[in-house]
Amino acid sequence: HWVLTALLSLLLLLLPPLQGVNTPHILKTRGLTKHFTISGLLESYPEARRLVDAGEMIPDQMVGDLLLEALLLDEPGLQDDLGFVVDGFPRTACQVDFLKLLYDKLLALHLEYADTSRAIAFPRPSFKVVVLYVDEETSIRRQLQRARVANLHNRRVLDAGAGHFFEERSTDTDIDKCRKRYAIFKTHYAATLRLKQFFPFTLIDSMGTLEETRQQITKELRYQSS
């Protein structure tokens, strides 16, 4: 039980490829500072990196293990503010079931200890889901644009001999891989919509400009928290 104490609030982002650029604005809107991305957690696993570079799905068991490790074990102080954002989860029907089981376990612990001296360590969990949606062509166009921007920036860093390199993803430069990434997202999209049955759920149209999308995020998340 000790590893589950004080895990209160999760804001889960389900995003098509290249929508994570809005994560800092979501953190600011909800007054949160803690967050991580599933893709970031996978960086230290060579096999996961190979699958990502090929535009393939990561096995659900690996994703679930990494999520629990990040939420409950690894980072000192992660639970201090009782709330954080998870970017890129859940993406499959199995991950949706995993998330519901986690919530049910936390709720059961909350009820078990509600009238005891340890009640403060087992608050009622609060999971919220945000989906930023774009169509396939918009997603692909933005992925290819990210590749061009990263390449131009990195050439300038090389010329200047100073600065930090941007990551250049193979999936951003190959249009077939871009389409494959979006197809995987779309294949599992219907399954993840089941989250509406369990948790507060917000669908945001992010087809417009970055500023228009951020305005919608601000409006929806402030309403959701009221």
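Which residues touch the most other members of the largest nonpolar core? They are Leu12, Phe36, Ile38, Leu71, Val86, Phe89 and Phe127, in a core of 33 residues. A nonpolar core is here a set of buried Ala, Val, Leu, Ile, Met, Phe, Trp, Tyr and Cys residues joined through side-chain atoms within 4.5 Å. Buried means under 20% relative accessible area, exposed over 50%, and partly exposed in between (1.4 Å probe, protein chains only).

The model is predicted: local features need pLDDT of at least 70, side-chain atom pairs count only at pLDDT 80 or more, and totals for chains, interfaces and linings use all residues. Residues are numbered from 1 along each chain as its sequence is written, and side-chain values use heavy atoms, with hydrogens and water left out.

Helices (H or I, at least four residues) and strands (E, at least two) are DSSP runs, numbered from the N terminus. Phenylalanine 127 is in contact (heavy atoms within 4.5 Å) with Leu10, Leu12, Leu99, Leu102, Tyr103, Leu106, Phe199 and Pro200, leaving aside neighbours within four places in sequence. A second, separate core holds 11 residues, including Leu13, Val130, Ile204 and Leu221.

Strand β3 (residues 83–87) is covered on both faces. Gly83, Val85 and Asp87 lie on one side, Phe84 and Val86 on the other. Five of its five residues are buried, so β3 is largely enclosed by the rest of the structure. β3 pairs with β2 in the parallel sense over four bridges; pairing requires that DSSP find at least two bridges between the strands. Threonine 37 stands opposite aspartate 87 of β3. Strand β2 (residues 34–37) has one covered face, Lys34 and Phe36. His35 and Thr37 form its uncovered face.

Leucine 132 belongs to strand β4. This leucine counts as buried because its relative accessibility is 0%. Leucine 132 and isoleucine 204 are 72 residues apart along the chain, yet their C-alpha atoms are separated by 4.9 Å.

Helix α6 (residues 136–160) has 25 residues and should span 36 Å at 1.5 Å a residue. The expected span is 1.5 Å times one less than the number of residues. The end C-alpha atoms are 36 Å apart, in agreement. Buried residues of α6 are Thr138, Ser139, Ile140, Gln143, Ala147, Ala150, Asn154 and Val157. They pack against α7 (170–173) and α8. Glycine 161 follows α6, with a positive phi near 75°.
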